[in-house]
Every structure is written in structure tokens, then in C-alpha cells.
Amino acid sequence: MSLIAIVCFVLAGVVAVVDWILTPRTDGTWRWVTKASVPALLTASVVLTGLARPHPAWAATFVAGALCFALLGDLLLLDRGRFLYGALAFAGAQTVLTVTLAWRAWAGPVQQNSVPGVPEGGWTGLGVAAVVVVAGFLAVGIRLIRAAHRDRLGLVVTFYIVLISVMVMAASLHVRQPGGWWVIGAALLFYVSDALLGWKQFVSRDQTNSVAVMVTYHLAIFGFAWWALLQSGVTV
């Protein structure tokens, strides 16, 4: 991992903390800068690390693409009138993450000549994840969908809930894979962040910015970025 990639990763952490401080205080120019900079710096760290390899780590490349979708979604969600477009951008991120996680789990660890198939512990992880997402749907998802119908976004919210639930289940396949707990934690944090955001947007109708949404979201994308770096051969 090059020095500049390390600097980008660390700087992303610093900017994230600044963004948490600014979140309840302003939607001004500085907030646009801090919110956009976190996924941008993480993307740069992943891409620069991949470029230093003789051959690309495709899983890391795809995660970088997902982070770009997240960056676009971040900027769109700063404009309250573009919630739908922001949600679609994040749906793009969830799609890329789901495909990447499922493919990487099926193909096996990068460092080994694995036989393709459901990895060891994958079925157990999948079962536990299914219970978690069903419980989340019953506790929060149904309320979100009903509330979103008032804004004619019921179908969009339903689609997004299904998409992020599948992403969590794809992450659960990595329960016994190298770096698996990083990606599982990241997926669950993303799920929690979007549940909080959806509740604020459709149920409570709270127009203030939520620090909890941003903290869980940033920790999620840091988890995915770190998993991508591990796929590129970074060792601790």
C-alpha cells in the first residue's frame, strides 16, 4: 500500500469526523465538501492500491465503483428535492456490492486456488442474515413502505429494501473468509444507516440532519474500503 493511498485513507477518517461535527449545524458549502470527500478519498485509496499491483484485484475495482455511486448519492441527498435520484444512486452502489460479494464468495479466497461454490460457513451465515433482514423488515421495513406511499415512493422503497437485504445476505457468505467480518459489519452498518435515513425521511418526517445516519454510513463504507484493500493484498 503506497504512502499516498495510506494518506487518502487516513484523511478520509479525519474528514468523516469533521462531517459528523458539521452535520447537525449546516448544509452549506463546507458540508458539501466534507460529505463528498469521504467516499472520494476512500475510492482514491482503493484505486491507488490496485494500480500498484501487477494485476488488478477485480473485487477491489468493483468496490471502488460502488463508492463512486455512493459519492453521487451523497451529493444528490444534500438537495432534499432529489431524494429519489439519491436513492437510485445508492441502489446502484448496493447492486455493485451485491454482485461483487456474491461472486467473490463463490470464487473463493483470492490467495488460494479454491473450487468455486458456496464457501465454508456460507449457508450458516446466509441463514443468520436471512433472520436479521426479515426481522428488520417486520420491525421497520413495513412501516417505511406504508409511509413512503404518501410520497408515491412505496415501490422505490420496497425495491431498495429488497436490494440492501440481498446485499447483507451476500456479505454473510464471507463469514469464514479472509476479511469476512469486516464486510459483514460494513453491510450491517449500511443497513442500519439506510433504515435510520428512511425512518427520518418517511415516518418521523424529521428535516434535520442526523449524525447517527452519517456515522453508521461512514463506518460502513470504511469497512467496504478496507475489505477492498485486503482483496488487493494489503496486510496488517
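Contact here means heavy atoms within 4.5 Å. By that criterion, residues 24 or more positions apart account for 75% of the contacts in the chain with a separation of 6 or more.

The structure is a predicted model, in which local features need pLDDT of at least 70, side-chain atom pairs count only at pLDDT 80 or more, and totals for chains, interfaces and linings use all residues. Residues are numbered from 1 along each chain as its sequence is written, and side-chain values use heavy atoms, with hydrogens and water left out.

The chain has 8 helices and 0 strands, where helices (H or I, at least four residues) and strands (E, at least two) are DSSP runs numbered from the N terminus. Its pattern along the sequence is α-α-α-α-α-α-α-α.

Of the 236 residues in the chain, 48% are buried (under 20% relative accessible area, with a 1.4 Å probe and protein chains only). Along the principal axes, the C-alpha atoms fill a box of roughly 50 × 40 × 20 Å. A compact globule with 236 residues would have a radius of gyration near 18 Å, and the chain agrees, with 18 Å; this radius is taken over C-alpha atoms, and the globule rule is 2.2 Å times the number of residues to the power 0.38.

| Helix | Residues |
|---|---|
| α3 | residues 58-77 |
| α4 | residues 83-107 |

Helices α3 and α4 pack at an angle of about 165°, with their axes 7 Å apart; axes are lines fitted to C-alpha atoms over the stretch in contact, and angles run from 0 to 180 degrees between N-to-C directions. The two helices are therefore roughly antiparallel to each other (angles over 145 degrees).

Definitions and conventions
Angles under 35 degrees count as roughly parallel, over 145 as roughly antiparallel, 65 to 115 as roughly perpendicular and the rest as oblique. Buried means under 20% relative accessible area, exposed over 50%, partly exposed in between (1.4 Å probe, protein chains only).
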